[in-house]
Amino acid sequence: MANWEDCVHCGLCLSACPTYQVTGLEMESPRGRLVLLNQWREQPEAHDVETRGWLDDCLDCRACESVCPSNIPTGHLVEAWRSQEAPEARPPRSLIQVLELLLGSPRGLAWFRRMARWSQTRWGDWMVRQTARWLPPGARSVKAGLPALHSRGLSRRRLDSDGTGSDIFFFVGCVMDALYSETNEHAADLLRLAGHRLTIPQGQRCCGAVHRHSGSPETARHWAEANIALFEQSGAEVVAVDAAGCGAALKEYASLFPPDSPWQERAQHFQNAVQDVVQLLADSLPPLSRQDANPVTVHDPCHHVHAQGIAKETRSLLGRAGYAVTEMRESTLCCGSAGIYNLTHPDKSQALLTRKLAQIPDDATYVAAANPGCLMHMQSGLSAQSHKQVVHPVDLAWQAYRDAGLCATRSVTS
Amino acid sequence: MTGWLDQLRQALGSEHVLTHPIALTAYAQDGYTLASGRPAAVVLPASSAEVQTVVQILAAADKAIVPRGAGTSLSGGAIADSNSVILHFSRMNQIHAIDWHNRVAEVDPGVVNQDISRALAPGGLFYAPDPSSQQACTIGGNFAENSGGPHCLKYGVTLNHILMADVVLPDGTTARLGNLAGEPDGPDWLGLLIGSEGTLGIATRLWLRALPIPPASRTFLALFDSVEEASRAVSDIIAAGVIPAAMEMMDKLAIHAVEQGAYPVGYPEDLEAVLLIELDGEPAVVDADRRVVHGILAARQVRALREAESLEERTLWWANRKTAFGAMGLISPRYYVQDGVIPRHVLPEALDTIGRIGERFRIRIANVFHAGDGNLHPLLLYNHQDPDEVARVKEAGSEILAYCIRVGGSISGEHGIGIEKLQEMAWQFAPQDLLAQRSVKQAFDPGGRFNPGKLLPTPGRCIDFRPVP
């Protein structure tokens, strides 16, 4: 793999980098970070709080990797630096442990969902507002961006497997499962409409992306092993996922394991099977023509467009479902959510959010964003403007196919 | 002693004055990797008034000033020494107004070149100069370097597209040069400053000419089995009276690199050369030109001819070409790009000569260039950790420039002189010419504080840019 040493200083990455865009500092650009990584290695006196900050401000959005003519994996290099060379740049252990507890198992997820639901009740909302000044700004913005919750159960508990002969292992995710269970159900409906049969193993774990990005790859590896084993047992050919962040992490499973690990080949096999739901659906649903559809604009999550090269597919899925897509400027620039970046770097995260929301075209009713972090973060900034909504493209497509009588409305289960 | 730093902090806010040694190291280089230098400080002004204040403070402190846009200069134009302060224009990045009726865009110097065309597109306009680094480079840098780009063959360089500019001069005063009519009275001060590489004045606001997007545009790839035939085709096309919007060439090694990069086109592996040709204008004219060009290419043994069938395809072809320099990182630790210009008709001979120079100095050379206007970009590949190779690459580069001058060309088409080609300036210009240029500099900047050590060879001045490694 290419290293920082291979950078030829062309500077083409600068305009793609969200942190350079909001700070204007060379140290906050990919090219600058490569210089900083070099300094970090060669000069122990470089190990100060400023340098660590400039490096750690990296969002892991991978935009620099998309545009680098020399294929320098700058985002990956910063990620490796976090886990191997700068344990102090990791988020507080307590935060990681809380996340492990909440996201790590179906039981933890159920608690997470209960807390989220409670924060939306009249009492909970009042309590959160009373204590808001003690909450970190990131936590407040997560609260403000929570979707309107209908379901009481995790989606995996309510998604029925189609039994033997299933070609798709449906990956429900953690936050998707707890907070966006309806999106998961809609994705399953559309996959079936496209002729697939699904298996949804109950024991699947979080993809591990957050832990990996924040420098705890051991946890990610542990969960990866569980997911790989379940996939092998399922007999499915494809792993379908509807969260951009999870998809990108699942497609990099092999890099979690050392080259000589017995898991290496199994992880490779797993990651080759991963496909995003918009990839699977882009060309396989019956085309609808609708005159009345509200105009939609697309935000391309970093882990779609930069990590997986998915952008056209989202538009063709929405187009097929009868929506007119109006493009927003800088659709591929990070919204500032970036995993738990909104919790660890609230100021930069808010600056990016403001910039992102300003680009939403006036005539767009919906902003389609295929990632739970983006959905929550962008919705949190929009709450005041009621006429616009940030929605998963799968939900928009599903509504169209339901209106056309091709998907059944589900009764809200309790 | 830190009086000037405190004054800068007071004027701009301390977060916009950088002195941390690691931060300064991040600013030690631009796109030219054969030298580096750590500035005394970096400041990030937010307005013309702040730029003026900074210039005044630093004039009083006798500190030099190096302006920097995105740091993509290929001649070291944005490299500073330890007595210089870098003015980084990243915070001055607004497009202030677009006058659709008169087709003028009013912009800050830190605006990215490509963003201007993006902002103009909804009204059917574009900004013509398109350096290959246009996705990152800024208009202030384009002003300083008089940047070109593939489409300058037909549309002209930056000089032809800036109508008016506000500048801050070395004495801390400001001036508005040019006018919106594009035909100012008296001396062409604007023309003097554009391309002066930040040595005479710093642009703080620019008014740019916007052009209507041509109604028809066709883009072709002509694949060749011989560099010589491709070069002759270029000459033939111009000789036939066709002025393409762009006519670019890449040789085998360059193709090999870009095909491994972010935007592979899928060129056959055994290809010797490719021409990327774009024709634009009125549909009937484009059709007529297309027939002429096809005829010439066929006569020159073109192996295959492809025409872009969609905007996506055209965009991909251009992205492939425009990231060619950066893609050298895939086949070599570093590259040194030359910018010599030659009369078009000697193209085949020039490529042959460059090849022989490469052999003699044992340097691999890839060729990517604006064939239509004879602007060569030989990319000399080297390993920066091999001092002998670094020495050889510089010598080979000089030799190529000497050849360009010998055949009646020039040492720079669009990348500027910077600190890279100081020695070669004395080959290109007679002593009297240089003296005249020096007296202009003397008149504007008697203290020599604006981008010192660049553009003009200054006998006797000790410059402490460190060669790399």
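1. Gln301(B) is found in the loop of chain B that runs between helix 10 (283-299) and strand 16 (304-307). The model is a predicted one, and in it Gln301(B) has a positive phi of about 65° although the residue is not a glycine. Most residues other than glycine have a negative phi.

2. Arg103(B) is placed in the loop between strand 6 (95-99) and strand 7 (104-107) of chain B. With 17 other C-beta atoms within 10 Å, Arg103(B) is partly exposed.

3. Five strands of chain B form an open sheet in the order 6-7-11-9-10, with antiparallel pairing. Strand 6 and strand 10 (174-178) of chain B stand at the edges and have a single partner strand each, so one side of each is left without a neighbour in the sheet. From one strand to the next, the twist averages 15°. Strand 7 of chain B pairs with strand 11 (residues 202-209) of chain B over four bridges in the antiparallel sense, and Ala105(B) stands opposite Leu208(B) in strand 11 of chain B. Helix 4 (residues 113-120) of chain B lies across strand 6, strand 7 and strand 11 of chain B, at about 40° to strand 6 of chain B.

4. A further sheet of chain B has four strands. This open sheet has the order 1-3-5-4, and its pairing is mixed. Why is one side of strand 1 (17-18) and of strand 4 (64-68) of chain B left without a neighbour in the sheet? Both strands stand at the edges, each with a single partner strand, so no neighbour is present on one side of each. Strand 4 of chain B runs parallel to strand 5 (residues 84-88) of chain B, and five bridges join them; Val66(B) has Ile86(B), in strand 5 of chain B, as its bridge partner. Helix 3 (residues 48-60) of chain B lies across strand 3 (41-43), strand 4 and strand 5 of chain B, running at about 180° to strand 5 of chain B.

5. Strand 13 (residues 216-224) of chain B is joined to strand 15 (residues 273-281) of chain B by nine bridges, and the two run antiparallel. Within this pairing, Leu276(B) in strand 15 of chain B is the bridge partner of Leu221(B). Strand 13 of chain B also runs antiparallel to strand 16 of chain B, to which four bridges join it. Here the bridge partner of Leu223(B) is Ala304(B).

6. The axes of helix 8 (residues 227-239) and helix 13 (residues 347-361) of chain B come within 8 Å and cross at roughly 145°. Among the residues making the contact are Val227(B), Ser231(B) and Val234(B) of helix 8 of chain B, together with Leu347(B), Pro348(B) and Leu351(B) of helix 13 of chain B. By class, this contact has five nonpolar, two polar and two charged residues.

7. The domain assignment divides chain B into domain 1 (3-88), domain 2 (95-212), domain 3 (216-326) and domain 4 (332-406). The centres of domain 1 and domain 4 of chain B, taken over C-alpha atoms, are separated by 32 Å.

8. The largest nonpolar core has 262 residues, and those with the most contacts inside it are Leu275(B) and Leu379(B). Residues touched by Leu379(B) include Ala254(B), Phe325(B), Tyr335(B) and Ile365(B).

9. How many residues of chain A are in contact with chain B? There are 25 residues of chain A in contact with 33 residues of chain B. Helix 2 (30-42), helix 3 (49-56) and helix 4 (63-67) of chain A each supply at least two residues of the side that touches chain B. Helix 2 of chain A gives the most to that side, with four residues. The residues of this side of chain A divide into 12 nonpolar, 10 polar and three charged.

10. Ala293(A) is placed in the loop between helix 17 (277-281) and strand 5 (296-298) of chain A. Ala293(A) is partly exposed, with 19 other C-beta atoms within 10 Å. Ala293(A) touches Gly322(A), Tyr323(A), Ala324(A) and Ala400(A), not counting residues up to four places away in sequence. Ala293(A) and Ala400(A) are 107 residues apart in sequence, yet 8.4 Å apart in space, C-alpha to C-alpha.

Definitions and conventions. Residues are numbered from 1 along each chain as its sequence is written. Chains are lettered from A and ligands numbered from 1 in the order in which they are written. This is a predicted model: local features need pLDDT of at least 70, side-chain atom pairs count only at pLDDT 80 or more; totals for chains, interfaces and linings use all residues. Two residues are in contact if their C-beta atoms, placed from the backbone, lie within 7 Å. Ala, Val, Leu, Ile, Met, Phe, Trp, Tyr, Cys and Pro count as nonpolar, Asp, Glu, Lys and Arg as charged, and the others, Gly among them, as polar. A nonpolar core is a set of buried Ala, Val, Leu, Ile, Met, Phe, Trp, Tyr and Cys residues joined through C-beta atoms within 7 Å. A residue is buried if 20 or more other C-beta atoms lie within 10 Å of its own, exposed if 12 or fewer, and partly exposed in between; C-beta atoms are placed from the backbone. Domain bounds come from an automatic or database domain assignment. Two strands pair if DSSP finds at least two bridges between them. Axes are lines fitted to C-alpha atoms, for helices over the stretch in contact, and angles run from 0 to 180 degrees between N-to-C directions.
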